[in-house]
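Please keep the sequence and the structure at hand while reading.

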Amino acid sequence: MQNCFHSQFSVDEAEYEDIEENRRTSVDEDSIYLGCTLSQSFNPDFHHSPVIKMGWLHKTPPQGTLVFQKRWVMLDAQYLRYFQNEKEVYSKRIIAILSVTKVLNVGGQKFEVVTRNRTFLFRAENNSKSVREEWVSVLKETIQQHCNSMEKSLMNSSDTRGQRASRVSLISKQGYLEMSGLRSKLYVVICADSVFLYRNAEEHSQGVGITSIEMNLGTVKGTDKRSFNLTTIYRTFSFVAESEQQREQWVEVLQACVSHSLSSNAVAQKIWSEEANQRCADCGAPHPDWASVNLCVVLCKCCAGVHRGLGQSVSKVRSLKMDENAWTENQLFLLLGNDKVNLFWAANIPPSEMLCPSSDSEERQRFVTAKYCQGKYRCYHALFGQQEALNKALCNTIQTGDVLETLSLVFCGADVNCYTGDPELPSPVSVAQHYGQTLQVEFLTHNHNTGRSNETKAALPISHTGYLFKTASSTRAVTEHFSRRWCSLNQGNFSYYESEKSSSQSGQMKMSDVLCLVVNPQGKHGYGHSFELYHDSGRVYLFGEDSPDTVREWIKVIGKALVPPVAEDLVGWSFERVGRLRYTVGQSFHCPCLGWFSLGGSRLLLLLHGEDQVDNIDLRKLQELFTQGYSETSGAVVLVDRGRRLRLEGDRRPDYQGWLSGIQQGLGRGDGPLDQQQLTETEVPVIVDRCISYITQHGLKSEGIYRRCGVNSKIAALLLSLRHDARQVRLSEGVCQVDNVANVLKRFLREVGEGVFNGHQASLPWLHTTSDERRERVSQYKALLHSLPPVNRATLGAVINHLYCVQCFADENQMNMHNLAIVFGPTLFQTDGTDNSAGQVVEELIQNYQDIFNVSGSAVSAEELVCEVLRRGNIPPQQGDYWSCFLVNDNQEMERPLHYQERALAIYFSLGKDCHLVVKRNCYMEAMLIYIAAMVDVSRNSMIKFSDEKGQRGKRTFSRRLCVLDGTSLRLYKEVKSTQPERECQVHALKVYYGIKKRLQPPSCWGMTVVCEQAERDKQQWYLCCESKNELIKWLATFMNLQVVSFCVTETYSTFLSSLFDFFFSFSFFIYIALTHTHYT
Ligand SMILES: [Zn+2]
């Protein structure tokens, strides 16, 4: 290779350019030409970092001349260099990217590279614009990336300081040296594996130098007392130091630098060829030349030191440069690389705990210990905590090339030395060898005697001791043969001894192998209090004691030791079982995660993987629960809660069976009291809700509803199936008779445990309110209502609300408040009916329903109503869909979209019999919004056909008017020239309906009806008819736009109250959800 290029140091040329430029310019172009050309095109491979872009550019003409100099320019991630020509090895100028502040386009294909102290002007060749643009954009990108990577590795230190610190740390020597052939001294810096030449120290600090000399395959030799030669494969540099002593130092450091890069050629260069390995896996420092061979990370010297301190059992540290024998196989580091390995080790590092190259040794110590000893930031394997499954997965993975998965398994607890189950290939290593997976073999070998045995320790200072009665472990909890044992929980180990004085334990289990802790009901298994531990092996350990305090304390400490610290909320209540389960969310069954759960009654608390907060499921409100496929090894229970589908995986092991039956019991049961029933979102028993909706839909106008008796056998059968699983029962018209359903509701309320009023005792104050004054009694009822448990309160509210609706139709169903109260008094109070005070109370509750239950109908805005209808109707909002609540008259000839702030409930109450509310798509809205967006003026005036009700019927009464609408009023003029309007109405007093009554024979179908209510007694209706749909839209849009402003002045609205919607929705017979577009033609 040597003969491919001539290497002659041309002093003359260098001097020439130097002198020439110094003569012609002040200081700008003061480079030195170190002639060393390759006879063939320059091979950029010898650079440490790959070249991003290179090519010819013209460089700043020296002052006084207009002739640009043609230069070969090369950019890599760290430096921009330019050379005399493309064959040169050593640059004329080298500019550190980090010193470049900006890159600017200037006129005439030129661009500037601006550093703090200098500006370099370049010009693209051939007047080609794209060449210039390319350079500029690549330069900008490189600068940006450089900034990003610096920021990344220097998270916690301030920018410039951090940069300097990291650069300085790599410099092993710097100072002035004479270079033979040059008159002036050069400032020489030895940094990592390179020697940088600067004209002076100032240049160095500015990041602008002459060139860099890569030291790979270089040699250094002293030639005289003060001089020495630095020889690379390209050329020899002769330097003269200031003193003999200085020369010795320079030679020594340079030799170290050479051997450094020499030895690194073999291993480090190869390992660094994977880009992710060019920075320390822990702190991000560049050129890491150490590695932990078992943890598979490449490290800097500082971090390697900390690793070494952890001991061989944790981290086996090797030098990339000195321990060459350790690197017979280094493919592993190429295959993995710091980035991929950190996906495991560093999956969850809080920014505050990040390490950076300038971190001190204490920070390093803390970080490295947390990362590798405690596995604090690692990505937990889905099988974490299940020893058998982990081992099994390990035996499978090592047959493949997926070393990363092996790493994840091993450092999440898989046993490298486990028995594979195959006597021929008993160990994982032998399996990997058999399958020819040499990298797996290498990894396993390095981890042969490193243990993750201290898995759960770190955060567990929990310890507790004491006597408990214990049975022999079994696959189920057996009650015989309890023996007294001295038990100890310490460092995540639960062990037991014959007695307090025994030195050898009679048994122990790691808490990390315990799947589940179950607290037994009192008295079970013969002891006052007992608990069970379900071991990963499938065995169950039963412990008992008569003292509740003793057992409670054990349950508390074991619970804490069992769950991760972040899941502590799971054990801070009176749970029945706590433990871990694999689960998936959504439809997918794949890649289950490990979650922590605790269950008690109807409450299931859960901490899902990656979450930091405990979630809560009320099992009574589950939308669905079902089990899935069963085999010896698999099975699952699926919970659908608030639209979320959670699939808990299990097998035939006893702990899963326990979870399953516990969850099923928590679902609610039809024979329990109200608060143990299946519930709706609003805490009303599903049975009650089902019956009420059915009657609301089909029975409101049914004569004698709730008084007629129905068919007893049908009632009993229906109630039985509802009590069995109300959620599964669909009451459908035709199959059920309204009277049967009405009687099911009555019977349920009459028989439910403790009743709606929460027991006889609690119901007495209701029956004996002290005041004669109605208003007094209402406030007493309110107080009593408040004292009811939530489910009772919600149930009573739902029933009374329903009765209120029923009596609205008394004309048809003959059931007024009094009649209903006679029926429901004894039903709700579960009395025999001899005392009529029950009926009186119910009648007053219906009468004062709005007061007592705090239902003020005015609060619900049209917008809230629409949202709620869509939510309940399960209609997802779609782009371009606009829903409105319309007030529609009986013939559907006219309809008005309510303003979003209008109080829908108040309007509803004021409706006459011929009107109703409909929530449906507003088919004009999109066109109106487009029009409004483009509108310059918020007013409109044009000719329109007009009529009012006073016109004669049957005749075409529409005539042309000039119609003017602006921010204040709507005015109609008979003539264009008229000065006085024929009619006028303030904008805020207008209500605009789409459509005109057909009997008025409007001249087109593009009409609107304007209701004008300026004064209470002055209500006018004007009919305005447009020529086209487009015109109608413009008018409607203008009205809407003006009225948005006028509505904004109204008061603020109360917050969303779900109960109000329930009130509203009990009137759901009035609300139609129209899913299709309606056209008004
Ligand atoms: Zn480091």
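## The disulfide

Cys 985 is buried, with a relative accessible area of 0%, where buried means under 20% relative accessible area and exposed over 50%, with partly exposed in between (1.4 Å probe, protein chains only). Its partner is Cys 1012, the two sulfur atoms lying 2.2 Å apart in a disulfide, a term that stands for a pair of cysteine sulfur atoms within 2.5 Å. Cys 1012 is also buried, at 2%.

The pair links distant parts of the chain, 27 residues apart, with Cys 985 in strand β41 and Cys 1012 in strand β43; strands (E, at least two residues) and helices (H or I, at least four) are DSSP runs, numbered from the N terminus. The torsion about the S-S bond is about 105°, so the disulfide is right-handed. A search of the whole structure finds one disulfide.

## Helix α7

In helix α7 (residues 301-309), Cys 303, Ala 304, Val 306 and His 307 are buried. They lie on the same side of α7, because they cover an arc of only 160° around the axis, taken from the directions from the helix axis to the C-beta atoms. The face turned away from this buried side carries the exposed residues Lys 301 and Gly 309.

## How the model was read

This is a predicted model, in which local features need pLDDT of at least 70 and side-chain atom pairs pLDDT 80 or more, while totals for chains, interfaces and linings use all residues. Residues are numbered from 1 along each chain as its sequence is written, and side-chain values use heavy atoms, leaving out hydrogens and water. The mean pLDDT, the predictor's confidence in each residue from 0 to 100, is 78 for the protein.
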